[in-house]
Amino acid sequence: MVQPILVTGGAGYIGSQTVQALLDAGKSVVVVDNLSAGSRRLVPDGVAFEQADTRDVTEMNRIMKQYHPSAVMHFAAHLAVGESVEKPIEYYDNNVVGVIRLLDAMRQNNVKRFIFSSTCAIFGQPKTVPVSEYLPPNPESPYGQTKLAVEQLLPWAEKAYGIKWTALRYFNAAGAAHNGTLGLIQSNPSQLIPKAITALLADQEVELYGTDWPTPDGTCVRDYIHVEDLASAHILALNRLEKGGESTVYNLGTGTGTSVKQILDAIEKASGKKLKIKMMPRRLGDPAKVWADNTKAVKELGWQPKYTDINDIVKTAWSWHSKLSK
């Protein structure tokens, strides 16, 4: 019997891309998603799908018993930093309790490999860039704190139950599948690229928070990593665990920074349209510049981001969102 990979949140943005990457790698997949943020249309035909919540112990145990997965990839989480400040209880419930229940179902069903979607938000405002795995975490939002809480739990789960794990800390996930089949489906996106494209398509203003940052053009600098590159890192992390690799964390970014202004310029270039930009004061808690040191992932996983041209990344996002809007 071929043991599948169980992918929670597999009907979401990054989860669905990883499901496709798993299928391309010849893996069998089971998707679990409660569809609170995911979309059933992002799950490929023929892939086993279970509409369930990771906090539902009975359902998770049933699914584990039915499919006997060899590993779990966990994408199911609330992920908006600002919203997490307004709804901390909901974020802890979904992002921490959900993982506790999931790990417990794994323990009861002898599933020993776990790949966790983490975030660079655990670092808060880093004192140095690029950001390496060895920088002390200092989350400044409930969202970042929930992800760090899980990272802190995983070594104890390994010690007690033998569950090997890898935590992948995403920087700014961006773009859509180059073949146009997968992308972000969200009515009110919080991420800059889809938010700006959505505003452009609706002929609305996009807000620019601060033009006086200590950066080359005065706008914030971030590390935008293409979603297909994130998906490929999950396959490599799974392969490493399957070969007996040790549990660890990796920062996933391109290793270069792109400013907000450069992103907005790239959107105008891809669309051939002019954005309506509304200048706003700086947002409290925004770091001026954050980008990844991806040396560890490159060295240990053999991972290399394929898509580092921001114009190419934005072009895939524009193609996807403009098609969705029709």
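Asp203 is exposed, with a relative accessible area of 53%; the classes are buried under 20%, exposed over 50% and partly exposed in between, using a 1.4 Å probe and protein chains only. The phi of Asp203 is near 55°, a positive value in a residue other than glycine. Asp203 is found in the loop between helix H6 (192-201) and strand S8 (205-209), where helices (H or I, at least four residues) and strands (E, at least two) are DSSP runs numbered from the N terminus. This is a predicted model, in which local features need pLDDT of at least 70 and side-chain atom pairs count only at pLDDT 80 or more, while totals for chains, interfaces and linings use all residues. Residues are numbered from 1 along each chain as its sequence is written, and side-chain values use heavy atoms, leaving out hydrogens and water.

Leu35 also is not a glycine and has a positive phi, of about 65°. Leu35 is found in the loop between S2 and S3 and is partly exposed, with a relative accessible area of 25%. In the loop between S5 and H5 lies Pro130; the peptide bond from Val129 to Pro130 is cis, with omega near 0°.

## Overall dimensions

The chain has 10 helices and 13 strands. For 326 residues, a compact globule would have a radius of gyration near 20 Å, and the 19 Å of the chain agrees with this; the radius is taken over C-alpha atoms, and the globule rule is 2.2 Å times the number of residues to the power 0.38. Along the principal axes, the C-alpha atoms fill a box of roughly 55 × 45 × 40 Å.

Buried residues account for 54% of the 326 residues. The chain exposes about 14700 Å², of which carbon and sulfur atoms supply 51%; accessible areas come from the Shrake-Rupley method with a 1.4 Å probe, and for residues only the protein chains shown count as cover. Of the contacts (heavy atoms within 4.5 Å) between residues at least 6 apart in sequence, 78% join residues at least 24 apart.

## The parallel sheet

An open sheet is formed by 7 strands in the order S3-S2-S1-S4-S5-S6-S11, with parallel pairing; two strands pair if DSSP finds at least two bridges between them. Strand S3 (48-50) and strand S11 (248-252) stand at the edges with a single partner strand each, so one side of each has no neighbour in the sheet. From one strand to the next the twist averages 20°; axes are lines fitted to C-alpha atoms, for helices over the stretch in contact, and angles run from 0 to 180 degrees between N-to-C directions.

Strand S1 (residues 5-8) pairs with strand S4 (residues 71-74) in the parallel sense over 4 bridges, and Thr8 stands opposite His74 in S4. Helix H5 (residues 142-161) packs on the sheet, touching strand S5 (113-119), strand S6 (164-170) and S11, and its direction makes about 155° with that of S5. Helix H7 (residues 227-242) also packs on the sheet; H7 touches S1, S4, S5, S6 and S11, at about 160° to the direction of S6.

## Nonpolar cores

A nonpolar core is a set of buried Ala, Val, Leu, Ile, Met, Phe, Trp, Tyr and Cys residues joined through side-chain atoms within 4.5 Å. The largest has 34 residues, and Val7, Leu22, Met73 and Leu252 have the most contacts inside it. Elements that each supply at least two of its residues include helix H1 (13-24), strand S2 (29-32) and helix H9 (295-301). H7 gives the largest share, 8 residues.

Not counting residues up to four places away in sequence, Leu252 touches several residues, among them Leu168, Phe171, Ile225, Leu230 and Trp303. A second, separate core of 25 residues includes Ile197, Ala199, Val260 and Ile267.
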